[in-house]
Amino acid sequence: MGAYCNDDLSLSPAYSFASAQDFRLSKNVHDNVHGNIYLDPLALKFIDTEQFQRLRDLKQLGMTHMVYPGAVHSRFEHSLGVYWLAGEAVQKLKNYQGLELGIDRFDIQTVKIAGLLHDVGHGPFSHLFEREFLPLVLRDSNWHHEEMSVKIVDHIVDEHNIDIDPEMVKNVKEMILASSEHSLPKGKKEKLFLYDIVANGRNGIDVDKFDYIARDCRACGLGCNFQFQRLMESMRVLGDEICYRAKDYLTIHKMFATRADLYRTVYTHPKVKAVELMLVDALVKANDYLHISSCIHDPCEYWKLDDTIIKTIETAPDSELNESRDLMLRIRRRNLYQFCNEYAVPKDKLEHFKDVTAQDIACSQKNTGVTLKEEDIAVSNVRIDLTRGRDNPLESINFFKDYESEEKFTIPDDRISHLLPTSYQDMIVRVYAKKPELVGAISDAFENFQLKTYGIKAQVHSTPEKKKQRHIMRPQSEDGNISILAFRESFEE
């Protein structure tokens, strides 16, 4: 991640968007990443609603705080950060190219509100809700939090009678949907560059990433050597698209590389995934009784769903929640699903890779006297890339030579450095034992699966014998809970 972290992540006061506002009409809050943030009256009308305040109860990184204790920041402060950076970005474009681009107050306000509300439709526990929970309880689930965000925008406006131009609401919703999963608005003929700022579907460079990369690194105590301020200062619109100086190529590459590093070391840490797998199982078992998934199309009910669903499961006396409650108790006592081993899918197999399932592992078990069942095994298929799957995201970015030039162009990576990667995606398969005494049998089955699938053991090394044996005789205290030794081991594995 890098050893250097600039403590002053705020933008240069000389070019600060705050200077273009009347402070007397704004509310000042101090953010631990960007410093002073000024909230304008329209933004406050959205912020001071129960639907937006819900974001305080959605941790930005889900269950990551179980491994990185500082990662308890919420979607609330992230949304304020994106609001601020979105305003900074569009104001800089206005300062440098305002007459040419025709940027007005309406545009500035629209981009800021889009940044503020872009995550208002997120479900509990970061992306776990839509990517791992919903597909297990809803057949062919194609639900996206961006689509719920635009529904909640309409709901807030109607519920709280917010006086806002309907055209602004329309543009805000289009900007929220302008991510990589969605196309740019059809029929939109002017100022398309405004859609590159909050959720950039063209090349992935946007203020959403600027904020969460800086904020997540800080919260987890990691160094961050990507400086988004450099890109904010030098960006320029050419051909209705935000472009960057050719000399900033490596800065942009560093942004994508830092994001990928966060995925590998933080978001998909093996122990974080163990907790998430248990949480998903708990939510699935509780769904029929609590009807967790029943509100995902109704913003009137959806806004009531947040991370506190854990407390509902833990404290409700209902017998229907016994299995879910037991799983949550295991998480609290650090009696987690046990990581057995992992391997990176060989590069030549990535194109046709299909997710490995618990059934695949169970069907590969050896004749060891232990019969493995599918429900004994948990598998995590982890994809890590630079935002464009197996493609290089920098190939979709346009650059310019200098501020006198009107030409934009792409840069092949081999023109920059031969040290840059030639592959842009990793696929890691991890297997876990839901019962500690099955670590050995599942590890052996996992090795056998690799031999059958690839003709080799793709994992770096076999599961240590000490780990297999330790979990057969897992030490317990007199009350049946895991001992201090086992608790310590659960952090070290």
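I take the axis of a helix as a line fitted to its C-alpha atoms over the stretch in contact, with angles running from 0 to 180 degrees between N-to-C directions. Helices and strands are DSSP runs numbered from the N terminus, where a helix is H or I with at least four residues and a strand is E with at least two.

This is a predicted model, in which local features need pLDDT of at least 70 and side-chain atom pairs count only at pLDDT 80 or more, while totals for chains, interfaces and linings use all residues. Residues are numbered from 1 along each chain as its sequence is written, and side-chain values use heavy atoms, with hydrogens and water left out.

**Entry on α11 and α14**

I looked up helix α11 (residues 270-290) and helix α14 (residues 322-332), and found that their axes come within 8 Å and cross at roughly 160 degrees. The two are therefore roughly antiparallel to each other, on a scale where angles under 35 degrees are roughly parallel, over 145 roughly antiparallel, 65 to 115 roughly perpendicular and the rest oblique. Their crossing is left-handed, a word used when the near helix is turned anticlockwise from the far one by less than a right angle, with right-handed used if clockwise.

**Entry on α8 and its partners**

I next looked at helix α3 (residues 75-101), which packs with α8 at an angle of about 130 degrees, their axes 9 Å apart. That angle makes α3 oblique to α8, and the crossing is right-handed. Among the contact residues I noted G81, L85 and A89 of α3, and V207, F210 and R215 of α8.

I then followed α8 to helix α10 (residues 249-267), where the axes come within 11 Å and cross at roughly 45 degrees. This makes α8 oblique to α10, and here α8 passes α10 in a left-handed crossing. The contact residues divide into nine nonpolar, one polar and three charged.

**Entry on the cavity**

I counted one cavity of 30 Å³ or more, a cavity being a set of points on a 1 Å grid over the protein atoms alone where a 1.4 Å probe fits but cannot get out, with lining residues having an atom within 4 Å of a point. The largest cavity holds about 60 Å³ of space, and its lining includes A89, V207, F210 and Y244. The elements giving two or more residues to this lining are α8 (207-220) and β4 (241-245).

Technical notes: On a 1 Å grid over the protein atoms alone, a cavity is a set of points where a 1.4 Å probe fits but cannot get out, and a pocket is an open set with protein on both sides within 12 Å along at least five of seven lines; lining residues have an atom within 4 Å of a point. Grid points are joined across faces, edges and corners, and a volume is the space filled by probe spheres set on the points. Contact means heavy atoms within 4.5 Å. Ala, Val, Leu, Ile, Met, Phe, Trp, Tyr, Cys and Pro count as nonpolar, Asp, Glu, Lys and Arg as charged, and the others, Gly among them, as polar.
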